[in-house]
Amino acid sequence: MKIRIEGLLPAPLKERLHGRSQVWGQSYTFESGRFYQVYSPSGRGKSTFLHILYGIRKDYEGAVFINEKPVQSMPAQEWAVLRQKHLSIVFQDLRLLLHLTAWENLQLKAALQPIDADKIVAMAEYLGVKHLLHRQVALLSYGERQRIAIIRALIQPFEMLLLDEPFSHLDEENIKLAGQLILSRCKEQNAGFIMASLGYDYQMTFHEKLLLG
């Protein structure tokens, strides 16, 4: 998968952006198999950028192309297939269903693309949340929810993974484990990821680090 941006400028931030960005207003191509960090202080549009790539923000100037197809003209059904099989995301606000258990949240994703339940359990055990799978998400800490959201993103097939500050509520050991799991799943699928963050390396190696603004 290739995601190409051309002259991208988000409407809500347009008046506040400065010319030093390596992303906004620039021409750049993200490719599967490569790991990117897009970093900036808070309020510079990290979530907005990933939401544009995921197709849920339309309020911008410029263009986004996925495999050289302009996303602005992409029908809803095509977006649905992309999000089920090619493009996955960990939202900053997680977007888990709080009234369901962690397992039920994961099964909703697995229902779109069948995956061995043992593999889901193995990921949960690796991240230290196996014992929480049948607990209601509303009763979990934010860090526990964050690990469930990471697993949810990783259990589907993808060519590019979008990560919106995925480790913000994790301690150093859990960041290390989550990072290793993300890298492992990406390498299994020859996939890439784009991580939006404040700029910390999180013990991970990136092919490219881009200043958002």
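Predicted model: local features only at pLDDT ≥ 70, side-chain atom pairs only at ≥ 80, totals over all residues.
**Exercise 1.** Determine how many aromatic pairs a search of the whole structure finds, and classify the pair of Phe 167 and Tyr 202.

*Solution.* For Phe 167 and Tyr 202, the ring centres are 5.2 Å apart and the planes stand at 80°. Planes over 60 degrees apart count as edge-to-face; the pair is therefore edge-to-face.

**Exercise 2.** State which parts of the chain the pair of Phe 167 and Tyr 202 ties together, and assign each residue as buried or exposed.

*Solution.* Phe 167 belongs to the loop between β7 (160-164) and α6 (172-188). Tyr 202 belongs to the loop between β8 (192-197) and β9 (208-211). The pair therefore ties together parts that are 35 residues apart in sequence. Buried means under 20% relative accessible area: Phe 167, at 2%, is buried, and Tyr 202, at 17%, is also buried.

**Exercise 3.** Classify the ring pair of Tyr 200 and Tyr 202.

*Solution.* The centres of the two rings lie 5.9 Å apart, with the planes at 75°. This pair is therefore edge-to-face.

**Exercise 4.** Identify which residues ring pairs link into a cluster, and which charged residues lie over the faces of Tyr 54 and Tyr 39.

*Solution.* The cluster linked by ring pairs consists of Trp 24, Tyr 28, Phe 30, Tyr 36 and Phe 49. Over the face of Tyr 54 lies Arg 83, at 5.0 Å from the ring centre. Over the face of Tyr 39 lies Lys 209, at 5.9 Å from the ring centre.

Technical notes. Residues numbered from 1 in each chain as written. Heavy atoms only, no water. Phe/Tyr/Trp six-rings, centres within 6.5 Å; stacked < 30°, edge-to-face > 60°. Helix = DSSP H or I, 4+ residues; strand = E, 2+ residues; numbered from the N terminus. Buried < 20%, exposed > 50% of the residue type's maximum accessible area, 1.4 Å probe, protein only. Lys NZ or Arg CZ within 6 Å of the ring centre and 35° of its normal.
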